[in-house]
Amino acid sequence: MYQTLTLSRENKVATVTLNRPDVRNAFNETTIAEITQVFNELSKDSSIRAIVLAANGPAFCAGADLNWMKKMADYTHAENLADAGQLAAMLAAIYTCAKPVVAQVQGDCYAGGMGLVAACDVIVSVDTAQFCLSEVKLGLIPATISPYVIKAMGENAARRYFLTAERFDAAQALRIGFVHEVVTAEALSAKVAEIVKALVTNSPNAVAQAKVLVRDVGGREITSELIASTVEGIAVIRASEEGREGVRSFLEKRKASWLG
């Protein structure tokens, strides 16, 4: 089905694996289209409760493919707009996916690859991974990925690494909040499985709505309008089918129906 990635499903979990190890999983227009397609489809798949974004080979993602970059060198402004729009659509498909997405970063992650990771909900990195926002070395800026990367690492860290294009290691990525967990290569799969297990035991509707809640509330000033929106949010979900079932199952000391 896919030329640049693989998709597997097991126990309500889908694993999307970047599969161009010969080019360090750098992406081109085909990769962008395929990632967009698979995340849009998985977002609507009721049999899936969580998604893992992984990669084959020593690197997670080196950013843009060199051959793709050669083609872009001669693009018109209109062609560059269309091309960047496709990249933006791919990142949005991950970020707005109704299912929680866990990035399993098994190797180096550069440039656009950092955008892929930042669009995920939980990021687990191997301790040997290196990170780099290298765009300014090429006379470019990380514009399309910036909304996600800045949300993940914060404005202060982004100001440094956008400007210097320094490499930084997984320990630094953890310190600045870009990743959530750093583990050894031997522990990586087990840590991701542990997080995924926690995700799939929760109410599917509540998880989807919690993702929306973070997007809607994060960074906003606490105003009467925001408070009213959060009041409405809890009122609606309390009256939902899964909301009522979750409270009943807790009070009755039994498993919720979505665990059945």
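**Basis.** I worked from a predicted model, in which local features need pLDDT of at least 70 and side-chain atom pairs count only at pLDDT 80 or more, while totals for chains, interfaces and linings use all residues. Residues are numbered from 1 along each chain as its sequence is written, and side-chain values use heavy atoms, with hydrogens and water left out.

**Sheets.** I took helices (H or I, at least four residues) and strands (E, at least two) as DSSP runs numbered from the N terminus, and I called two strands paired if DSSP finds at least two bridges between them. I found an open sheet of 6 strands, ordered β1-β2-β3-β5-β7-β10, with mixed pairing. β1 (5-10) and β10 (181-183) each have a single partner strand, so one side of each has no neighbour in the sheet. I looked at β1 and β2 (residues 13-18): they run antiparallel and are joined by 6 bridges. Leu5 stands opposite Leu18 in β2.

I then traced an open sheet of 4 strands, β4-β6-β8-β9, also with mixed pairing. Within it, β6 (residues 108-110) and β8 (residues 130-132) run parallel, with 2 bridges between them. Cys109 stands opposite Phe131 in β8.

**Cysteines.** I counted 0 disulfides, taking a disulfide as a pair of cysteine sulfur atoms within 2.5 Å. The closest cysteine sulfur to that of Cys97 is in Cys120, at 9.6 Å, too far for a bond. For Cys120 the closest is in Cys109, at 9.5 Å, again too far. I noted Cys97 as buried at 1% relative accessibility and Cys120 as buried at 8%; buried means under 20% relative accessible area (1.4 Å probe, protein chains only).

**Pockets.** I used a 1 Å grid over the protein atoms alone, where a pocket is an open set of points with protein on both sides within 12 Å along at least five of seven lines, and lining residues have an atom within 4 Å of a point. A volume is the space filled by probe spheres set on the points.

The largest pocket holds about 830 Å³. It has 29 lining residues, and Ala64, Met69, Met72, Glu135 and Leu140 are the closest to its centre. α2 gives the most to this lining, 5 residues.

The second largest pocket has about 490 Å³. Cys120 turned up again here: with Tyr95, Ala118, Asp121 and Val214 it lies nearest the centre, among 21 lining residues. α9 supplies the largest share of that lining, 5 residues.

Note on methods: Buried means under 20% relative accessible area, exposed over 50%, partly exposed in between (1.4 Å probe, protein chains only). On a 1 Å grid over the protein atoms alone, a cavity is a set of points where a 1.4 Å probe fits but cannot get out, and a pocket is an open set with protein on both sides within 12 Å along at least five of seven lines; lining residues have an atom within 4 Å of a point.
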